[in-house]
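Q: I would like to learn how to read the features of a model such as this one, starting with its strands. Could you take me through them step by step?

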Amino acid sequence: MSASAYYELRECLLKVENVSLTLGGKLILRDVNVEVKNIVRPGMQQGQVVALLGPSGIGKTRLFRILAGLDEPDSGQVLVGDPPKYVVKGEVGVVAQNYPLFRHRTVASNLVVAGKQAGLDSSAAKEKADKILSEFNLEEHARKYPVQLSGGQRQRVAIAQQFMCSEHFLLMDEPFSGLDLNAIERVITMINEMAAADEMKTFIIVTHDITAALEVADTVWILGRDRDENDKIIPGARIQKNYNLIDLGLAWRHGVTEDPAFIDLMKEIRAIYPKL
Ligand SMILES: Nc1ncnc2c1ncn2[C@@H]1O[C@H](COP(=O)(O)OP(=O)(O)OP(=O)(O)O)[C@@H](O)[C@H]1O
Ligand SMILES: [Mg+2]
């Protein structure tokens, strides 16, 4: 039942090379090196879903901003696409931790504006917005303004909005925080459906929700710091673990949270967290 699925790794879609970042004299990221390759499943469309896990304050949002081209690292680089190009702000869809929306526009209108900004004409943007509103169970809120929504509803709108304009990459910072379990399941299902709808689509999801990360992703990166021989923390976070959930038989499965292998991996990650 937990046999791994057949797949191949092809060209590199995202490459992080020797990225380091210092803020306020403190080394936050130290030589981060990691890459995302195109996952190919014969006879199927399959995008990529990476979860970036790590304790609070470790540098997830900072790395996220560098991956999106919003911030420059002090050294190193981020390359996207094939052939690889330096990442440019605005070319990668981003759902930030504080999900900004136009306050003076309704939910539906926020989505349409995002679609137009991405180059759709009015009718195509409206059509896509309607589809996404229904996929996200947001139809009843379509005519409301952001201030009339709960925090979780606003977040769902912000995620929906990014699906309007992102081409291949979508970075999400804490898409599960503030959502109840049903809403988390909806977001996971949505991400998995979107990932399976486009061979080239790549999601990178920053979260500290270990269960949701393992449930949604095919790959899990854990950001953390090393310790020296005296068990003292060495400043600057790196990718400490890179789990391939496909090889572990835990990717692309409904009900995977019940699998003992899933529960074991969750325990393993929980156990290393305090050391990071
Ligand atoms: N402008 C800044 N100046 C100095 N230090 C900063 C600045 N912004 C962030 N930091 C520090 O960088 C570290 C990483 O912050 P970051 O926001 O990336 O953490 P995070 O992993 O996303 O945490 P959380 O899970 O709480 O969102 C933190 O220790 C934070 O204090
Ligand atoms: Mg953060």
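A: Two strands pair if DSSP finds at least two bridges between them, and helices (H or I, at least four residues) and strands (E, at least two) are DSSP runs, numbered from the N terminus. In this structure, the bridge partner of V49 in β8 is F203. This is a predicted model, in which local features need pLDDT of at least 70 and side-chain atom pairs count only at pLDDT 80 or more, whereas totals for chains, interfaces and linings use all residues. Residues are numbered from 1 along each chain as its sequence is written, while chains are lettered from A and ligands numbered from 1 in the order in which they are written.

Q: Which strands does β8 join by bridges, and how do they run?

A: Strand β3 (residues 48–53) is joined to β8 (residues 202–207) by six bridges, and the two run parallel. Strand β7 (residues 169–173) also runs parallel to β8, through five bridges. I205 of β8 stands opposite A51, and M172 likewise stands opposite I205.

Q: What is the order of the strands in the open sheet?

A: The six strands follow the order β6-β7-β8-β3-β9-β10, with mixed pairing. The edge strands, each pairing on one side only, are β6 (93–95) and β10 (238–244).

Q: Is β8 largely enclosed or in the open, and why?

A: A residue is buried if 20 or more other C-beta atoms lie within 10 Å of its own, exposed if 12 or fewer, and partly exposed in between, with C-beta atoms placed from the backbone. Six of the six residues of β8 are buried, so this strand is largely enclosed by the rest of the structure. Both of its faces are covered, with T202, I204 and V206 buried on one side and F203, I205 and T207 on the other. In helix α7, by contrast, the number buried is one of 13 residues, so α7 lies largely in the open.

Q: Which residues surround ligand 1?

A: A residue is near a molecule if its C-beta atom, placed from the backbone, lies within 6 Å of it. Ligand 1 is surrounded by L23, G24, I28, G54, S56, G57, I58, G59, K60, T61, R62 and H208. Helix α1 (residues 60–67) gives the largest share of this shell, three residues.
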